[in-house]
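Please keep the structure open beside you as you read.

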Amino acid sequence: MSGTVIDVTDSTFLGTVEQAKITTLAVFRAEWSSVCLMLDPVLDEVAKEYEGRLVIARLDIDESPRTPERYKIHAIPTLHVFKGGKIVNTWIGPANKARVVDTVKPHL
């Protein structure tokens, strides 16, 4: 699972993100959002750079609406860093590679 960005759904979020053995960055996004689309190559880069230490999981809020509702997602992209099943950091809005790394690195 590490080294690449994986797509998750309402039915796979729990097992992939909340129960992950390593730090996981959950990215709540939508295909229609240009800001989210611009973030995709950044996520790919970070996933490769932190392979084995970080899982990056993307969830489309339109295809899987229950999980964003559960986490009260009101803006996209929203990045939640999970460690041990708990949210330990959050970033909302546009992000470059430095911002994504600064958001996750303290929790690796």
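1. Beyond its neighbours within four places in sequence, I22 touches G52, R53, L54, V55 and F82. Please keep in mind that this is a predicted model. I22 sits in the loop between α1 (13–18) and β2 (23–29), and with a relative accessible area of 29% I22 is partly exposed. From I22 to G52 the C-alpha atoms are 8.1 Å apart, although 30 residues separate the two along the chain.

2. Next, the salt bridges, of which the count is 8. One of them joins the side chains of D7 and R58, at 2.7 Å from N to O. D7 belongs to strand β1 (residues 5–8) and R58 to strand β3 (residues 54–60), so this pair ties together parts 51 residues apart in sequence. D7 is exposed, at 55% relative accessible area, whereas R58 is buried, at 16%.

3. R58 also forms a salt bridge with D40 (3.1 Å, N to O). This pair links strand β3 with helix α2, 18 residues apart, and both R58 and D40 are buried. D7, D40 and R58 are part of a salt-bridge network that also includes R29 and E31.

4. Finally, have a look at helix α2 (residues 34–49) against helix α4 (residues 97–104): they pack at about 50°, with axes 9 Å apart. That angle makes α2 oblique to α4, and their crossing is right-handed. On the α2 side, L39, V42, E45, V46 and E49 meet K97, V100 and V101 of α4. These contact residues comprise 5 nonpolar, no polar and 3 charged.

Methods:
Residues numbered from 1 in each chain as written. Predicted model: local features only at pLDDT ≥ 70, side-chain atom pairs only at ≥ 80, totals over all residues. Heavy atoms only, no water. Axes fitted to C-alpha atoms, helices over the stretch in contact; angles between N-to-C directions. Helix = DSSP H or I, 4+ residues; strand = E, 2+ residues; numbered from the N terminus. Parallel < 35°, antiparallel > 145°, perpendicular 65-115°, else oblique. Left-handed = near helix turned anticlockwise from the far one by under 90°. Contact = heavy atoms within 4.5 Å. Nonpolar A, V, L, I, M, F, W, Y, C, P; charged D, E, K, R; others polar. Buried < 20%, exposed > 50% of the residue type's maximum accessible area, 1.4 Å probe, protein only. Salt bridge = Lys/Arg side-chain N within 4 Å of Asp/Glu carboxyl O.
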